[in-house]
Amino acid sequence: AVRHLPQSVRIYIRAAELETDIRAKKRVLRKALENVSKSVLLWKAAVELEEPEDARIMLSRAVECCPTSVELWLALARLETYENARRVLNKARENIPTDRHIWITAAKLEEANGNTQMVDKIIDRAITSLRANGVEINREQWIQDAEECDKAGSVATCQAVIRAVIGIGIEEEDRKHTWMEDADSVRLGKKILVFISFTLGIFLS
């Protein structure tokens with residue numbers, strides 16, 4: 001099948017699944033990548049079989065072949081040192097200027113390395129840049145992202161996201177009612193109410 005359809009990702013994946021030895025699986029997938037180097041699915045399958053250092057090297061090649069894959073860029077950033085991860089995320093933004101997750105990951109990276117003063121700047125810059133690239137800022141999506149940040153322990157990033165998007169698309173007279181609904185609908189619950197109150201100087205009861 002591979003000889004007749006050398007560009008078929010599904011056949012290569014199936015061939016790798018049939019192998020019981022890890023080294024054999026790796027050989028199949030590496031052969032696959034020689035023929036279909038732009039398949040994100042193949043790169044992911046191949047990387048999952050590698051130890052961290054080899055995975056990092058492989059992902060460096062993967063993002064060259066698939067520069068618009070957010071997933072591959074973020075996977076590479078996770079395996080890099082702090083300084084290298086910053087460079088990776090900068091390159092990711094250059095190649096994919098319309099994805100919010102890259103910006104949020106950059107903010108979480110700075111927070112994890114003690115640079116909390118950078119977090120708000122990154123999130124504010126994200127909103128500006130995404131809008132400049134024609135991206136509509138969906139506050140519900142961003143609030144969900146904030147919730148994920150909070151669960152991951154990235155509290156400063158969570159707060160920065162909420163601060164940046166909480167008022168987007170809401171008339172001033174509707175703010176209190178909308179924010180109360182926000183607090184009820186997300187798992188941040190009372191924490192989001194307290195944060196909004198102190199951050200924006202508005203008493204919500």
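Let's start in the middle of the fold. The buried residues of α7 are covered by elements that include α5, α6, α8 (116–132), α9 (139–151) and α10 (155–165). Cover here rests on contact, meaning heavy atoms within 4.5 Å. Helices are DSSP runs (H or I, at least four residues; strands are E, at least two), numbered from the N terminus.

This is a predicted model: local features need pLDDT of at least 70, side-chain atom pairs count only at pLDDT 80 or more, and totals for chains, interfaces and linings use all residues. Residues are numbered from 1 along each chain as its sequence is written, and side-chain values use heavy atoms, with hydrogens and water left out.

Staying with α7. Which of its residues are buried? They are R100, I102, W103, I104, A106, A107, L109, E110 and E111. Buried means under 20% relative accessible area, exposed over 50%, and partly exposed in between (1.4 Å probe, protein chains only). Now the length check. The 13 residues of α7 should span 18 Å at 1.5 Å a residue, and the end C-alpha atoms are 18 Å apart, which agrees. The expected span is 1.5 Å times one less than the number of residues.

Confidence next. pLDDT is the predictor's confidence in each residue, from 0 to 100. The chain has a mean of 88, and 82% of its residues reach 70 or more. Helix α7 (residues 100–112) has the highest mean among the elements, 98. Helix α12 (residues 190–200) has the lowest, 54.

The overall picture. The chain has 12 helices and 0 strands. Of its 205 residues, 44% count as buried. Take the contacts with a separation of 6 or more: residues 24 or more positions apart account for 50% of them. The accessible surface comes to about 11,900 Å², and 49% of that belongs to carbon and sulfur atoms. Those areas come from the Shrake-Rupley method with a 1.4 Å probe; for residues, only the protein chains shown count as cover.

On to the core. A nonpolar core is a set of buried Ala, Val, Leu, Ile, Met, Phe, Trp, Tyr and Cys residues joined through side-chain atoms within 4.5 Å. The largest one has 58 residues. Which members touch the most others? L42, W43, I123, W142 and V165 do. Helix α5 (residues 70–79) gives the most to this core, with 7 residues. Look at L42. Leaving out residues up to four places away in sequence, L42 touches V9, Y12, I13, L29, A32, L33 and V36.

Now M58, in helix α4 (residues 52–65). Is M58 buried or exposed? Buried, at 11% relative accessible area. With residues up to four places away in sequence set aside, M58 touches R30, W43, A46, V47 and E50. L76 is 18 residues from M58 in sequence, and their C-alpha atoms are 9.0 Å apart.

Charges next. Side chains of opposite charge can pair when their charged atoms come close. A salt bridge puts a side-chain nitrogen of Lys or Arg within 4 Å of a carboxyl oxygen of Asp or Glu. How many are there in the whole structure? The search finds 14.

One sits inside α4. E53 pairs with R56, with the closest N and O atoms 2.5 Å apart. The two lie 3 residues apart, about one turn of the helix. An α-helix has 3.6 residues a turn, so residues three or four places apart point the same way. Both partners are partly exposed: E53 at 45% relative accessibility, R56 at 21%.

Another brings us back to α7. R86 and E110 meet in a salt bridge at 3.0 Å, N to O. R86 lies in helix α6 (residues 82–95) and E110 in helix α7, so the pair ties together parts 24 residues apart in sequence. R86 is partly exposed at 32%. E110 is buried at 4%.

Then R139 and E140, which meet at 3.7 Å, N to O. R139 is buried, at 6%; E140 is partly exposed, at 46%. There is also a network of salt bridges, linking K26, R30 and E50.

Last residue: E80. Where does E80 lie? In the loop between α5 and α6. E80 is buried, with a relative accessible area of 16%. Not counting residues up to four places away in sequence, E80 touches R56, A85 and V88. E80 and R56 are 24 residues apart along the chain, with 7.4 Å between their C-alpha atoms.
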